[in-house]
Amino acid sequence: MTEGNSGDVVVRRAHESDSDALIAIDSVASEGDTGRRASIRRWCRQGLLVVAEDASGPLGYCVVEYTFFDQGFVTMLMVVPSARGKGVG
């Protein structure tokens, strides 16, 4: 995946170092779900997580897996409430 820019929003592959910031914007993980936290870390490590961000930080993320006939399939999508309905997803 190449990095893209739509206005002031940048879309890029997440790095393992992004895990804590992504956990913070995930409503389930930030409330203490250790399984979701572990999944976010694993998805980042495996290169499956794509993050949308602007100058304020992450606005959302999605997990893209290629397990369905080698086609990209979004298995998780999370967008912060303030960015919903604005094209981030």
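Mentor: What follows goes from the conventions to a helix residue, then the core, then a surface patch. This is a predicted model, in which local features need pLDDT of at least 70 and side-chain atom pairs count only at pLDDT 80 or more, while totals for chains, interfaces and linings use all residues. Residues are numbered from 1 along each chain as its sequence is written, and side-chain values use heavy atoms, with hydrogens and water left out.

Trainee: Is Ser-19 buried or exposed?

Mentor: Buried means under 20% relative accessible area, exposed means over 50%, and partly exposed is in between (1.4 Å probe, protein chains only). Ser-19 has 4% relative accessibility, so Ser-19 counts as buried. Ser-19 lies in helix α1, residues 19-25. Helices (H or I, at least four residues) and strands (E, at least two) are DSSP runs, numbered from the N terminus.

Trainee: Which residues is Ser-19 in contact with, leaving aside neighbours within four places in sequence?

Mentor: Contact means heavy atoms within 4.5 Å. With those neighbours left aside, Ser-19 is in contact with Ile-40, Arg-41 and Cys-44.

Trainee: Which residues of the largest nonpolar core touch the most other members?

Mentor: A nonpolar core is a set of buried Ala, Val, Leu, Ile, Met, Phe, Trp, Tyr and Cys residues joined through side-chain atoms within 4.5 Å. The largest one here has 21 residues, and Leu-22, Ile-40, Trp-43, Leu-49, Tyr-61 and Val-63 touch the most other members. At least two residues of this core come from each of α1, α2 (34-46), β3 (49-54), β4 and β5.

Trainee: Where is Met-76?

Mentor: Met-76 belongs to strand β5, residues 71-79. Its relative accessible area is 17%, so Met-76 is buried. Not counting residues up to four places away in sequence, Met-76 touches Arg-36, Trp-43, Tyr-61, Cys-62 and Val-63.

Trainee: Which residues make the nonpolar surface patch?

Mentor: Patches are made of residues with over 30% relative accessible area and no salt bridge; like charges are joined within 9 Å, and nonpolar side chains (Val, Leu, Ile, Met, Phe, Trp, Tyr) within 5 Å. A salt bridge is a side-chain nitrogen of Lys or Arg within 4 Å of a carboxyl oxygen of Asp or Glu. Accessible areas come from the Shrake-Rupley method with a 1.4 Å probe, and for residues only the protein chains shown count as cover. Phe-68, Phe-69 and Phe-73 make a patch of about 390 Å². Phe-68, in strand β4 (residues 57-68), is partly exposed at 49%, Phe-69 is exposed at 70%, and Phe-73 is partly exposed at 44%.

Trainee: How many aromatic pairs are there?

Mentor: Rings of Phe, Tyr and Trp (its six-membered ring) pair if their centres lie within 6.5 Å; planes under 30 degrees apart count as stacked, over 60 as edge-to-face and the rest as tilted. The count comes to 2 aromatic pairs. Phe-68 and Phe-69 have ring centres 5.0 Å apart and planes at 80°, so that pair is edge-to-face. Phe-68 and Phe-73 form a tilted pair, 6.2 Å centre to centre with 40° between the planes.
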